[in-house]
Amino acid sequence: MTKKLSIPDLIGLIEPGADIIIPIANGEPIRLLDLLEEHAEQLSGVTIHQMLALRPRPYIEGQFEQLKHVSYFLSGATRKVYQQAKLELVPNNFHEVPRMLKKITKMSMIMTVASPMDEHGYFTLGTQADYVAEFIGKVPFVLEVNNQMPKTYGRNQIHVSQVAGFVEHNATLIEEKSSEIGEKDIRIASSVTADIENGDTLQIGIGSVPNAVISMLKDHRHLGIHTEMLPDGIVDLVNAGAVDGTRKFTHPGKIIATFAYGTKKLYVFIDNNPGVEFLPVSLVNDPREIAKEKNIVSINATTEVDLFGQCASETVGGKYYSSSGGQIDFARGVRFAENGKGYICLQSTAKNDSISRIKLDLAPGSVVTTGKNDVDNIVTEYGIARLHGVSLSERAKRLIGIAHPNFREELLFEAKKRGILI
């Protein structure tokens, strides 16, 4: 029988040079990480690997020589530390993270939050499957059992026999603060929703534009959901009768995600809900799996676009802000799908209309997330630039056409000067 771990038991499980894997978002185990920091002097050369850390921590800031943090997606807890050159950021496409971890780490242990054990001896990873669920039964798991974590369905069940030990720590889940929807967001969303048909399957990202899109889909019917992150608005679409998944080609009738991050409304919705399944990201975000949904629609965001259609989605003003996440996974997945459609959205300007976010060249230091060959549609409040299958010259014309009017003349002049326009 798996035992409740004392502090010496826990520390004794961690070998020198261990690589510990921590899940994304609310899978982050507060108490277990507290204990590692409190007893760091008993550890040696331990590296913690994680995407999207939720809480600032002394070890992330480099205050313990025995503990090192490696990020695979920056957050508010890690962004400044990275920019101070105090931690490593590993580039990745989200669906490849499990395979990458297996290749570059020892996979010594996974520490994660779990819902309480049921009468059959199963815990669940709750809001998670992400990059850790794939290793259930293959890698030692240490659980932080939290009675606030919802019990969920999918490939995120872990039997007591597969657990190296557990601690108990009950804590309210962190809630995502919803972005306010502005007039520009509504105009962008209106263009996107005009292309969405009854029966389509949706991947919807995070932010004000996706929130606006969701708010406009309540009169649609038979929509399906196949998305990396499950946001709050999906609850409203289900309650409105817009989402039933009956026309999906994979997992019909099921909402598929690899993690959930929202408010208490979402966490209550997924609790004991067999209509929602959490699957490993290596499956959910695999472009080959995405393509099986013939009518998949992907909606994501970027920070700036150049006249070739290259999207810098992980840097802001040339400084690293996040990472690639699953944007390119879905950009490629919709390309392979029979009727797939991809939309990358952004407001046309920044800083009170003083800077165009559609540019001749990306800001110095910017990183291309979705390349010109993978981008499908770019959307601003001035409409959609449909880029797939058109020449570089035509792309530039279409992108200038959805730039803010104050910048179109300048963009045309610079594009002609550069020889982009014919």
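Visitor: What volume does the second largest cavity have?
Guide: In this predicted model, local features need pLDDT of at least 70, side-chain atom pairs count only at pLDDT 80 or more, and totals for chains, interfaces and linings use all residues. Residues are numbered from 1 along each chain as its sequence is written, and side-chain values use heavy atoms, with hydrogens and water left out. A cavity is a set of points, on a 1 Å grid over the protein atoms alone, where a 1.4 Å probe fits but cannot get out, and its lining residues have an atom within 4 Å of a point. With volume taken as the space filled by probe spheres set on the points, which are joined across faces, edges and corners, the second largest cavity comes to about 50 Å³.

Visitor: Which residue forms a salt bridge with Arg55?
Guide: Arg55 is among the residues that line the second largest cavity, as is Glu28. A salt bridge requires a side-chain nitrogen of Lys or Arg within 4 Å of a carboxyl oxygen of Asp or Glu. At 2.9 Å from N to O, the partner of Arg55 is Glu28.

Visitor: Are Glu28 and Arg55 buried or exposed?
Guide: Buried means under 20% relative accessible area, exposed over 50%, and partly exposed in between, with a 1.4 Å probe and protein chains only. By this rule, both Glu28 and Arg55 are buried.

Key: 1 Å grid on protein atoms, 1.4 Å probe; cavity = no way out; pocket = protein on both sides within 12 Å on 5 of 7 lines; lining within 4 Å.
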